[in-house]
Amino acid sequence: MLSTPENSDLFTPEQVLENRGRVAIFIDGSNLFYAALQLGIEIDYTKLLCRLTAGSRLLRSFFYTGVDPTNEKQQGFLLWMRRNGYRVISKELVQLPDGSKKANLDVEIAVDMMALVGSYDTAVLVSGDGDLAYAVDAVSYRGVRVEVVSLRSMTSDSLINVADRYIDLEGIKEDIQKTPRHTNYTYRPLSGISMLDEQQGR
C-alpha cells in the first residue's frame, strides 16, 4: 500500500505513477498527428512509448489510424511501428463530400478498451476526442485508472472530467519529439542523404 503524504489526502504524481500496475496504451493516430502539428514537433515513437509506459509493465500499445493503401511512405511507417512495440489497428480512409479523407476509429478504441478490462490496471488514452468519454467512464467503473494524454486546446472537457489524470502534450513535448539527427524512420531519397553527408563533412 502507498503511504498518504503528510497533511494531505492526495497522492503525489510520483506515487500515482508507482502504482499504475499493468498499462495498456491506446493512441488515436490522427489526433496525435494534428497535436504534433500544433506543437510544431515530429513525434519520436520510441520515446513516446517509453514516456507513456514510464517504467510500468506494458500489456500492449495500440495505434489506431486511417490508411491510404497507395501511400508507400505511410505503409513503411506502419511496418516500422509494428516492428517496434505497437499493435497497429487500421481502417481505409473514406472520401468525404468536401474532398477530404477521414477514417473514424473511435468505436475500435472503445471496444478494445472494454474488451481488455481485467488484463490491465491503467489505460493511457492518447486522444482529446470527447466521443471517447463514455468509454473512459465505462472502464473506470470496471476498476481501471485512465490517464488522458493530449494537447489541451484539442481536448474535450468531457474527456478530462472522466479521466483520473490528464497530461498535456505541451508539458512532455521535449521527452517525445525527434531530435534532428534521429533518422531511424525518416524517409529521404539516397541523393539527399549523400548531399547532407557532404555538407556535414565541410
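Start by selecting F63, which is buried, with a relative accessible area of 3%. The model on the screen is a predicted one.

**Stop 1: the partner of F63.** Is Y45 buried or exposed? Y45 has 9% relative accessibility and counts as buried, because the limit for that word is under 20%. Now colour helix 3 (residues 45-53) and strand 2. Y45 belongs to helix 3 and F63 to strand 2, so the pair ties together parts that are 18 residues apart in sequence.

**Stop 2: the core around Y45.** Which residues have the most contacts inside the largest nonpolar core? They are I27, Y45 and L48, in a core of 29 residues. Strand 1 (22-28), helix 2, helix 3, strand 2, helix 4, strand 6 (122-126) and helix 8 (169-176) each give this core at least two residues. In soluble globular proteins, nonpolar side chains tend to be buried together.

Select L48 and show its surroundings. Leaving aside residues up to four places away in sequence, L48 touches I27, L32, I43, Y86 and I176. Another core, of 21 residues, lies apart from the largest one; A24, A133, V144 and V146 are among its members.

Stop 3: Move to A54, in the loop between helix 3 and strand 2. Most residues other than glycine have a negative phi, and most peptide bonds are trans. What is the phi of A54? The value is near 50°, which is positive, in a residue other than glycine. A54 has 36% relative accessibility and counts as partly exposed.

Stop 4: Show the side chains of Phe, Tyr and Trp. How many aromatic pairs does the structure hold? There are nine. A pair of aromatic rings is described by the distance of the centres and the angle of the planes. For F33 and Y34, the centres are 5.2 Å apart and the planes are at 75°, so the pair is edge-to-face. F33 is partly exposed at 48% relative accessibility, and Y34 is partly exposed too, at 46%. Next select F26, F62, Y64 and Y120, which form one aromatic cluster.

**Stop 5: the largest pocket.** The largest pocket holds about 1200 Å³ of space. Of the 35 residues that line this pocket, G29, S30, F33, T65 and Q74 are the closest to its centre. Two or more lining residues come from each of helix 2 (29-39), strand 2 (57-67), helix 4 (72-82), strand 5 (101-102) and helix 5 (106-115). Which element gives the largest share of the lining? Helix 2 does, with seven residues. Colour the lining by residue type: 16 residues are nonpolar, nine are polar and 10 are charged.

**Stop 6: the whole chain.** Zoom out and show the cartoon. The protein chain has nine helices and eight strands. Of its 202 residues, 38% are buried. Among contacts in the chain with a separation of 6 or more, 61% are between residues 24 or more positions apart.

Note on methods:
Residues are numbered from 1 along each chain as its sequence is written. This is a predicted model: local features need pLDDT of at least 70, side-chain atom pairs count only at pLDDT 80 or more; totals for chains, interfaces and linings use all residues. Side-chain values use heavy atoms; hydrogens and water are left out. On a 1 Å grid over the protein atoms alone, a cavity is a set of points where a 1.4 Å probe fits but cannot get out, and a pocket is an open set with protein on both sides within 12 Å along at least five of seven lines; lining residues have an atom within 4 Å of a point. Grid points are joined across faces, edges and corners, and a volume is the space filled by probe spheres set on the points. Helices (H or I, at least four residues) and strands (E, at least two) are DSSP runs, numbered from the N terminus. Ala, Val, Leu, Ile, Met, Phe, Trp, Tyr, Cys and Pro count as nonpolar, Asp, Glu, Lys and Arg as charged, and the others, Gly among them, as polar. Rings of Phe, Tyr and Trp (its six-membered ring) pair if their centres lie within 6.5 Å; planes under 30 degrees apart count as stacked, over 60 as edge-to-face and the rest as tilted. Buried means under 20% relative accessible area, exposed over 50%, partly exposed in between (1.4 Å probe, protein chains only). A nonpolar core is a set of buried Ala, Val, Leu, Ile, Met, Phe, Trp, Tyr and Cys residues joined through side-chain atoms within 4.5 Å. Contact means heavy atoms within 4.5 Å.
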